[in-house]
Each structure stands twice: as structure tokens, then as C-alpha cells.
Amino acid sequence: MELQTKYNPQSVEQKWYDYWMQNEYFFSKPDERKPYTIVIPPPNVTGVLHMGHMLNNTIQDVLIRRARMKGYNACWVPGTDHASIATEAKVVAKLKDQGISKFEIGREKFLEHAWEWTHEHGGIILEQLKTLGCSCDWSRTKFTMDPDLSESVTKVFVDLYNKGLIYRGYRMVNWDPEAKTNISDEEVIYQEKQGKLYFLRYLIEGSEDYIVVATTRPETIFGDTAVCINPNDERYSFLKGKNLIVPIANRVIPVIEDEYVDIEFGTGCLKVTPAHDVNDYELGKKHELEIIDAINDDATLNHHALHYAGKDRFKVRKEIEIELESKGLLEKVENYNNKVGTSERTGAVIEPKLSVQWFLKMQDLAQPALENVMNDTIQFHPSKFKNTYKHWMENVHDWNISRQLWWGHQIPAFYYGEGQEDFVVALNKQEALQIIEKERNLVLTEEDLRQDEDALDTWFSSWLWPISVFNGINDPENEEIQYYYPTQDLVTGPDIIFFWVARMIMAGYEYRNELPFQNVYFTGLVRDKQGRKMSKSLGNSPDPIELMKEYGADGVRVGMLLTAPAGNDLPFDTDLCLQGRNFANKIWNAFRLIKGWEVDENLETPEENRFVTEWFYSKFNSELKEIESNYEKYRISDVLMSVYKLIWDDFCSWYLEAVKPEFGKPIDRQTYDVTVEYLGNCLKILHPFMPFLTEEIWQLMEERSPESAMIISKYPEVENFWQGVLNQFDTTSEVVSGIRAIRNEKGISPKEKLELFATENSKEALKTELIEKLGNVSVQFAQQFPEKGFTFRVGTFEFLIPVSENVDLEAEKEKLENEKEYLYGFLNSVRKKLSNEKFVNGAPDAVVNAEKKKEADALEKIAQIEEQLKSF
């Protein structure tokens, strides 16, 4: 059949993906084979593919495809996360555009809109992953709000509550005024921002005197309930027992004493606002201060702020500065840089807020999770992330698991009275009524109960992901959880090491008494070539779908992984995808070349072909050994680079060049068959990275049944290889490169046959027939070389090509003299450095040694040039 001159991914990719799907190669069910399981980090249900997803899922697909070829029962579970805050924000915005408030339509109607949004936008990202070639078992697709997963979440909440690990508490939380919910400490991003430090005058009650208090947030003065001084600060001993008047608010507040106040910071006087600062809250509890909450859920001020009520906090900050100034209550204002907490989800500045929330005690849950990572029962790749993990786990806080949202898993707490303790935690209302009757001696109906309005933190469902996707919470002894769990590898980003990785490990030990996965591979961030993080706002992130249209999915996969070392950021450039596409074309052309050869059954195998087929066999197995070692170390980028060089350099550039017959002549059967076998093996180790191209060529090589498709072909195993043949080829290929370099430098045509003189001692180290074929030379081993010629060295061996009639000797001599002159100038500059005692004694040894090597190299090159000039 006629093959296209260029590989066309657009005509291939959908065809083979459909073929894989039809033949159910991705499908997995428990059987006698050893399982290899990966669960996808579930992307947001309303999300679309970005470059981070591309990197993460390409790596997962590489691992799962390799495992499938190695004979494992490979199971890659896909799915999406309901993403409470992100999804609710989109639905709220959509309703707002229609003039609808979620509170007007109520919870039930709002959830209908949320489900409608989810069904409309959900799953787009999973379809896009198919374009990338991801070989997930799509029949297993899960969603964190699926009925069985929701049931798992509820059961775990009830169980942890009954164990005394979940409690309801009145605490200071991080309030996101845009999403109108609290968020966890880990979801707060601290950003350096330039602000102001305001020095306010607080009058002493019954006096014209005042003290100065510094604050970055003058709008919070309406919540002040004390000013605190350090009892050891002699400057303020006169204030002890006195009261002060809050500026503008004109409320009288006491002066309190506590060593918590840093005498050196600010003015040494601290305004205490228990409702709006976590440290002030603790101070307020200790001194039994009144709590005045002056800020609303949407970050506007309330009635406590008097004439500022209803205005945004930042607007009030500007206006209050003017009022304080006009009333003589502002001492001064200074520019001040400080770290401001912002919401990871919305970017809004966090407002510390007192609120009744649900918490999960983490101390006991964290212990086995910490221990089993530190002792490498669970291995992190790279291991440097163990230190980050250790620090967080040793300083773990109780997890605030409730969110003031409707989209998500509603907290299974049921209230029946007005008291603080008038609630029970149960799987449903029926169970709640039974508990109330049994434990509280009350007979109620479902109408008497109201369920907690809040939803659970999204991570409270995804921390169960490796267990719940196999229904291991609801049915702990079922066949699938017993077979697939624990999973093998988790591929994720270090940014969710606490949100997700640590919590999944905790859940694994709590609910299965074992690890959830054996290895965690941390990817880096995808950055642009200027080193900036890719983001929509910067407009520096390419559309993955458009990239795949232009370069093919295989080209983009290779481009992503060529410079993606574990745990380090990836400097992405579309030129990498071009390199991936060119690689595909290189392989395609190699296949076309082989398919174009005519085979002569009666032809003897030439000696150089025997040698080069032996060499490539050893080279392939030598590289495969290194490749397998790098897979074990999770050096996926290094694996790809080894495969890339083996195919491009060793197979295409050397092997095929060595065995290809002269133009118009046939090839012998033995060489042809071995070459096809070698191409097949190269395709197999490349398949995890370039699945579409490899399947296409594999199927074109010969007619294949579905049972012999590339996707389930047997991955090569390392076999014994001979180092001697590798060494002999390396020396031989260097000689060929030396001949080609001289032809190139001297303008000698590759078609002009040359003589090559070689020293007698090089005979055993070389394969003469291969040099003669690839170099278009006749080799003569001799003790004495002709007087005139171009010399080069390979190791300790010397070679000479006699001067051709076509070479201008005078021009060559002039070129060599110019090069020698340059080298002498370079040598003098190096020697000048080395004669400087200050440099030699002061510079690091490595730097001095590098200069000495430069000196030695220059001397060697000068000697070689002088030898060549003598030969002229």
C-alpha cells in the first residue's frame, strides 16, 4: 500500500481511540492477574483541560499503558469533583445575570440549577482527556456527588462523630466574603501587599491626653473592646486601670495588661478587636472581653459602624482616614508592607470571622499517616517533599470541614430545638428520629427536624476517593476493593499535598488500616519560557486542544514530558511540541524506508550487517536496562529522553544507515526481518508516550488481530548484552564521524571515495567493513602514513585521509594558521589567570581546575594543528 509522505495525526488518532474503546482494552475487572491501579486526581466537574492537567494525565497514561503491556490488570479510574465553591459561584453568577437570588428561590430550587449546570458543563474535561489518548476505564467514571459516593461521605461523617472526632465549635475562621463561606487555613494564600500603617489617637477617659495606637485596619475600630499594654512596659504604667475612648465610635473601653504585646512593635499599645483577629480573639477570651462583630458576611460594615453601615470595608478604610484627620484623631500614616491572606478560590481578601463550624480532630488521624511516609512505606517522588509533609503533619490543626454553601454534601446533623445541643448526627431523618426517641426520650416527626444548612468541605469527599470509587466504605468486603486497593501510583501536584494527599493517607489508615497508594509522583507547575506560572489572566497558557490539533496528541505528549523532571517546574515552549511532531515524522519516515526495501531471499547477509544487528541488539538492551531503572525511580522525563535518543540517533541515524542497501538494490532476508523486529521493539517502548503513532505503524507492519494490537503487546524484557560490541561500535562510529567532519570542513563530496589510513593497533577496535560503507572510504592499516593529509584522533588511535586533488592546500594552511593564532591568544589569557596568585589561592578548586583543563586542551589542539601543517 502507498504510505503518506508525512505522518498525519488527524487521520489516525480518532480512528485508533475508537478501536481501543470498541475492543475494551481500557476495561478492567478483577481476575487472576496482578492489578495495577491508578485513581485520577478528579478535576473540577465544570473545568476544562489546562496545561497542568495535560502534564499530570500524560504521566498517568504513560504509567498505565506500560503496566498494561507488562501483563498487569491495569485499571485507571476517571472521575470529577463537584467543587463546591467554584461550582456554586458559577451558578450564583448565572442566576444573578437572570436577576435571581439563590436565597429567594431556596435550597431545593437552587440545587436544581446546580445539577443542570453540572450536567451541561460536567464531563467536558473527560472528553478532552480522550483526545489526549488517556486510557481510563470510562465505565468506572465517578463523580463525588454520585449516590454511592455521597452515602460514603455521610457514613464517614457519622462514624467520626460517634468516635468523638467531629465536633461543633465557635471559632475564628477564614471568611471568604465573595464566596460567603469559611475556608480552611490551607486555602488561604498570603500575598505581600503594600498598605498603610495608621497611628490613631485614643483619648484617655476624663482627660485631654491621649495615647497612640497603630493599626493597618482602621475600619475595625468599631469592634474594639480594649487596648492592651505589656505590664513590663514602663512607658505606659500610667495607663494601668484606666479607660480609653474609641475614636469616632466614642465607646469607653478598658486598658488591659498582657505580656503577649510586643514592646518593640508599633507604639507598644495594641487595639483588641476579638471579632476580627484570631490573636485578639484568644486575648479576648483570656480577659473575658465583650465581642463586637462589626462586619457583615459580604465584607460591608454593619450597624456597629454607625454612619458607615452598609459600606464596603475598603471604601470605609479610605473614608475613615479623612474623618480621623479632620477630627484630630490621626497622628500620622506610614506606608507599610504586610502579608494579606487571600482566598485561593476567589482571590478575595480573607476576613477573620467568629462562627459556629464543624471540625474534625486531626491529631490521632495524622500519626499513622506521618509515620508511614517518613519510613517510606509510602514513597514520595521526589523524596524532598517528605520534609514539607512532615512539617505540616507535626503541626496539624483541627480541620474545619463545614462550608456555608448549598452545593455539596449536606451535613447530616438534625436540629429539633432551640438549645445549642438540640441536635443529633445520623445517616438520615428516620435514624435521627430513632436516636432522639431512644437517647432524648422525645417522640417527634420528620417535620420537627431541620437539617444543618451547611455543606461539607469538598476535600471531605475527595479524601475518600481511592476507597469510595471501589465502594469500600459502604461495602468494605466487596470483591473490587479487595482486589484493586491499595492502588499503586498517585500522580498529583505538590500544591495539594495537604488538602488531598495527606488526607487520603489518613482516611486509608482509618478505614482500611493500610496505605491508599504505594507511590506519590509529584509533578511541577507548567510555566512559560519566561518562568511565569501559566494562567488565564496573563494570557500565557496555550489551549491544549488547539495544540493537539496543530502538533498531534503524540507530539504534545512528548513536548510536555521532554523537560518535566519530577517535582520541578516545567518550562513549556510550543517548540517542544514541534520537536515531538518532528520525532513522529522521523519514525514515520524510518518505517516508510523499511517498507520500501525489496527483499532478496537468496542474498547473503553482509558482514557489516551482521555486526550492526548484533550491536543494536546489545544497544537496545543496554538502554532498556537504564530505562527500567529510571521508571523505578519515577524519572519519566529521563525515560523519554533515553527512548528518544535510542530511536532517533541509534536506530534511525546509525542502524538504518548501516543496513540500508544501495539505491535500487535489494536487502537480504535476515537483515530485513531483524530490522522489522527491532522497529517493533522500539515502538513498544515508545507506545506509552506516543500511543497513536505506534499503534498506526504496528498495524501497518502486518495484518493484526485485536489480540495482537500494540496496546496489549508484550513489553520487552531486558536480555543479556555484550559490552564488547558496544565499545567496538562506539569507536567505529567516532571514526565515521571524523571522516564526515573532514569531508564537511574541506568541502569533499560524500560521493568521492577516499582512502583512510589507520594505525595498526586500531584494527581490533574497529569494524572495517562498516567504516568503509558509511564513510565511503577504503581502509588501510599502516605504521607509516603519507606525508600530506588531514589527521584526526579517536581515543589513542590516529587516522589520516590523504590530501585530495580537489583541496586548496594554501587555503587550508591559512585556515589552520588562523586557528593556531587564535588558540595561542586564548592560551595566553588562561595562563595570565593561572599566574595570578590571588586568583589561584582565592578561587574554588573546581574553577582553578577548569582553567587548567582549558590550558591542556588548547595545548593539545595546537599540537594537532602543527602536525597537520607539517603534513602539508
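**Close-up 1. P486 sits in the loop between α14 (479-484) and β22 (487-492).** This is a predicted model. The peptide bond joining Y485 and P486 is cis. Its omega is about 0 degrees.

**Close-up 2. A cis peptide bond runs from H381 to P382.** Here omega is near -5 degrees. P382 belongs to the loop between β15 (379-381) and α10 (385-394).

**Close-up 3. F380 and Y389 are both buried.** Aromatic pairs come up again in the next view. A pair of aromatic rings is described by the distance of the centres and the angle of the planes.

**Close-up 4. F110 and W406 form an edge-to-face aromatic pair.** A search of the whole structure finds 48 aromatic pairs. In the pair of F110 and W406, the ring centres are 5.8 Å apart and the planes stand at 70 degrees. F110 comes from helix α4 (residues 102-121), while W406 comes from the loop between β17 (402-403) and β18 (413-415), so the pair ties together parts that are 296 residues apart in sequence. F110 is buried, because its relative accessibility is 0%. W406 is buried too, with a relative accessible area of 10%. F380 and Y389 also pair: their ring centres are 5.2 Å apart and their planes meet at 85 degrees, so this pair is edge-to-face.

**Close-up 5. Charged ends sit over aromatic rings.** The charged end of K102 lies over the ring of F110, 5.5 Å from the ring centre. R168 places its charged end over the ring of F423, 5.6 Å from the centre.

**Close-up 6. Helices α18 (residues 607-632) and α19 (residues 636-659) pack together.** The angle is about 175 degrees, and the axes are 9 Å apart. Angles over 145 degrees count as roughly antiparallel, so α18 is roughly antiparallel to α19. Residues of α18 in the contact include W615, F616 and F620. Those of α19 include F651, W654 and Y655. The contact holds 15 nonpolar, four polar and five charged residues.

**Close-up 7. One aromatic cluster is formed by F611, W615, F616, F620, F651, W654, Y655, Y678 and F729.** Among its members, W615 and F616 are also in the α18 side of the contact with α19.

**Close-up 8. A83 and A299 have positive phi values.** For A83, phi is about 50 degrees, although A83 is not a glycine. A83 lies in the loop between β3 (79-80) and α3 (84-97). Its relative accessibility is 5%, so A83 counts as buried. For A299, phi is near 70 degrees. A299 is found in the loop between α7 (278-286) and α8 (313-326). At 2% relative accessibility, A299 counts as buried.

Key: Residues numbered from 1 in each chain as written. Predicted model: local features only at pLDDT ≥ 70, side-chain atom pairs only at ≥ 80, totals over all residues. Heavy atoms only, no water. Phe/Tyr/Trp six-rings, centres within 6.5 Å; stacked < 30°, edge-to-face > 60°. Helix = DSSP H or I, 4+ residues; strand = E, 2+ residues; numbered from the N terminus. Buried < 20%, exposed > 50% of the residue type's maximum accessible area, 1.4 Å probe, protein only. Lys NZ or Arg CZ within 6 Å of the ring centre and 35° of its normal. Axes fitted to C-alpha atoms, helices over the stretch in contact; angles between N-to-C directions. Parallel < 35°, antiparallel > 145°, perpendicular 65-115°, else oblique. Contact = heavy atoms within 4.5 Å. Nonpolar A, V, L, I, M, F, W, Y, C, P; charged D, E, K, R; others polar.
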